[in-house]
Amino acid sequence: MLNLWKFGMVAVAVTLCKTTFAGDLMDLNKAFATEQVIIVRTLDWTATSGTLVAYDRVGEKWQQVLGPIEVQVGRAGMAWGPGLHDESLNRPPLKREGDGKSPAGIFRLESLYGYGELQAKMPYLQVDSNTFCVDDPKSKHYNQIVRGDEVEKDWDSAETMRMDSDVYKYGIVVGYNTEKTTAGAGSCIFMHLGKPGTTTAGCTGMAEKDILKLIGWLDKPKNPLLVQAPAGGLRELGREYELP
């Protein structure tokens, strides 16, 4: 039985060192061994659009390499949810399955998916009409991408990864609720295609030309991170982490 989420799609295990001197901010580069960071910022917790900026680590500093790029987020805005950031930040209202909110916090970018062949520096899964992301909290495959012909179906709800539309033509898998998966905390969080004036069900959308720039830039050995939150949430993260 093949579990596609766990087969080449889970982020490489990295030893996390969160030890800092009193009063110091935690360095993302040192804490999470990352050399690539994407910052997504919206105006407030109910905003449904924002901007994305990408950074490379150059020496001891972060250097902007892409953006600002216009993005769309959940139809209900954002909410804190399980990721790499300190759990103390996860205060109600928390993200829940089906709430239409994009997760706020710090998350690994794990892999890519799409409809056709793709050359990239990240693990890539070519999806078809029999590829699903399970969003049924009762399923043992919850928050996993699986093939329907290779696992026993135990879910009542799942996203078809090969849609009739181009929404999932190119996608980036966000490591949300994957470290210690909590049933009902939200699932199947991606960065995918979107259009101005629209919203997502909890993902982060952008124009095709922009996601292709991101895909071409992302490099798995550099442990890319997504840091995503409204302006106020980024200020809270900035009290603990040294953000670009």
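Asp27 counts as buried at 13% relative accessibility, where buried means under 20% relative accessible area, exposed over 50% and partly exposed in between, with a 1.4 Å probe and protein chains only. Its salt-bridge partner is Arg57, the closest N and O atoms being 3.2 Å apart; a salt bridge here is a side-chain nitrogen of Lys or Arg within 4 Å of a carboxyl oxygen of Asp or Glu. Arg57, too, is buried, at 13% relative accessibility. The model is a predicted one, in which local features need pLDDT of at least 70 and side-chain atom pairs count only at pLDDT 80 or more, while totals for chains, interfaces and linings use all residues. Residues are numbered from 1 along each chain as its sequence is written, and side-chain values use heavy atoms, with hydrogens and water left out.

The structure holds 12 salt bridges. Helices (H or I, at least four residues) and strands (E, at least two) are DSSP runs, numbered from the N terminus. Lys30 and Glu60 join Asp27 and Arg57 in a network of salt bridges.

Arg147 and Asp128 make another such contact between side chains, at 2.9 Å from N to O. Here strand E9 (residues 145-147) supplies Arg147, and the loop between strands E7 (124-126) and E8 (131-134) supplies Asp128, 19 residues apart. Arg147 is buried at 18% relative accessibility, whereas Asp128 is partly exposed at 30%.

In a further salt bridge, Lys169 meets Glu208 with the closest N and O atoms 3.3 Å apart. Lys169 lies in the loop between strands E10 (158-160) and E11 (170-174) and Glu208 in helix H2 (residues 208-217), so the two tie together parts 39 residues apart in sequence. Lys169 is partly exposed at 25% relative accessibility, and Glu208 is partly exposed at 31%.

Turning to the nonpolar side chains, the largest nonpolar core has 48 residues, a core being a set of buried Ala, Val, Leu, Ile, Met, Phe, Trp, Tyr and Cys residues joined through side-chain atoms within 4.5 Å. Ile38, Leu52, Ile106, Ile172, Met191, Leu214 and Leu237 have the most contacts inside this core. Strand E6 (residues 102-114) gives the largest share of it, five residues. A second, separate core of 12 residues includes Tyr113, Leu125, Val127 and Cys188.
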